[in-house]
2 protein chains.
Amino acid sequence: MQYFPAALQELADQFARLPGIGGKTAQRLAFYVLGLPMEDAQSFADAIIDAKNTVHTCPVCQNLTDRDICAVCDDDMRDKSVVCVVAEPKDVIALERSREFNGVYHVLHGVISPLNHITQDDIRIRELLARVANGDIREVIMATNPDTEGEATAMYISRLLRPMEVKVTRLAYGIPVGSQLEYADEVTLSRALEGRQEI
Amino acid sequence: MQYFPAALQELADQFARLPGIGGKTAQRLAFYVLGLPMEDAQSFADAIIDAKNTVHTCPVCQNLTDRDICAVCDDDMRDKSVVCVVAEPKDVIALERSREFNGVYHVLHGVISPLNHITQDDIRIRELLARVANGDIREVIMATNPDTEGEATAMYISRLLRPMEVKVTRLAYGIPVGSQLEYADEVTLSRALEGRQEI
């Protein structure tokens with residue numbers, strides 16, 4: 001016997017397909033949507049279609065945008081000769097929040113991860129190489145996450161860039177501002193010592 | 001400066017409105033939906049609208065259904081003289097899984113909860129009283145959750161039913177099958193002792 005009306009079950013199944021949403025949570029979300037006023041449910045459905053229809057990647061930096069060219073690449077005040085390479089669009093947001101960087105970005109949409117069957121051809125390395133080959137780029141800052149896969153991806157790309165006469169740098173490692181020395185791990189501390197600077 | 005394309009931000013905001021979904025999770029879900037093929041995104045959007053359009057409450061038992069009268073109320077093999085009162089549609093599913101109950105249901109859609117401003121008029125008690133007043137109902141089984149609000153709701157309804165010449169019962173308390181005595185809490189154990197039966 002079928003316990004739920006088919007349309008409710010289908011909605012719960014749709015939620016259950018989302019990452020990190022289990023069966024029980026999916027059911028709860030389906031019940032919640034069912035309890036919404038019709039116009040709210042409609043704007044939820046519309047938001048899904050709108051996002052799919054209007055959001056695409058910037059042809060220059062591969063970041064997500066709803067314009068022909070993204071706001072950063074289109075901004076004449078930004079220094080186009082410095083490119084910061086990040087793994088995901090959300091990393092751009094984190095860097096923009098720091099208000100420190102005035103160059104442009106390149107979004108890889110992932111990192112090389114053999115365990116997850118993501119190879120160098122699955123992320124946007126080719127587009128980065130084409131940018132460096134074509135343009136007047138002075139410096140490429142590797143800003144992937146400081147974990148194994150982020151490091152490996154940064155090393156792989158920097159090796160490809162070496163023959164291209166461009167300066168390749170990496171974000172500094174060290175103790176985070178506002179943290180306490182006693183809670184810093186050994187690797188971070190030794191990197192902070194290595195990278196010490198005169199004051 | 002706006003960091004996300006507006007349509008992506010709107011989709012993330014829609015997800016963030018769902019219960020138990022925080023800002024970061026909502027962003028992750030929005031990115032995931034953006035990565036889906038268009039037909040999958042379309043069927044997600046359709047599922048929301050379909051559920052809203054086709055699912056409503058059964059006019060007899062108030063359970064959710066996509067038919068005129070729900071499958072249980074419409075089944076001639078079920079004993080219409082025994083009504084099991086539950087708080088939520090998912091409780092019907094739990095009871096149906098036990099394959100033990102051959103009567104019909106009444107879904108309250110909530111319990112009385114002064115802390116959450118849910119009064120007796122916000123849940124479907126009126127409909128239950130009308131059913132008992134109209135029909136040939138012998139027994140009403142209160143099957144709300146064995147917590148404070150579930151208990152209070154069961155007591156409130158049973159007091160309303162008392163003048164109506166109908167037998168009102170409550171699900172048995174006791175130790176759950178398959179559990180171990182040493183892990184049972186005191187209240188459950190004392191209820192299990194009170195309710196002991198001859199073997």
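**Two chains and the surface between them**

Chain A is divided into domain 1 (6-54) and domain 2 (64-198), with bounds from an automatic or database domain assignment. The C-alpha centres of domain 1 of chain A and domain 2 of chain A lie 35 Å apart. This is a predicted model, in which local features need pLDDT of at least 70, side-chain atom pairs count only at pLDDT 80 or more, and totals for chains, interfaces and linings use all residues. Residues are numbered from 1 along each chain as its sequence is written, chains are lettered from A in the order in which they are written, and side-chain values use heavy atoms, without hydrogens and water.

Now the interface. In chain B, 52 residues are in contact with 52 residues of chain A; contact means heavy atoms within 4.5 Å. The two chains bury about 4400 Å² between them, 77% of it on carbon and sulfur atoms. Buried area is the accessible area (1.4 Å probe) that two parts lose on being put together, summed over both.

Which elements of chain B each supply at least two residues of the side that touches chain A? They are α1 (6-16), α2 (23-35), α3 (38-54), β2 (64-65) and α4 (89-97). Helices (H or I, at least four residues) and strands (E, at least two) are DSSP runs, numbered from the N terminus. The largest share, 15 residues, comes from α3(B).

Next, the symmetry. A rotation of 180 degrees with 0.0 Å of shift along its axis superposes chain B on chain A, with RMSD 0.1 Å. The two copies are thus related as by a two-fold rotation axis. In chain B, the C-alpha nearest the axis belongs to B:Ala45, 2.2 Å from it.

How values were computed
Least-squares fit on C-alpha atoms with pLDDT ≥ 70 in both.
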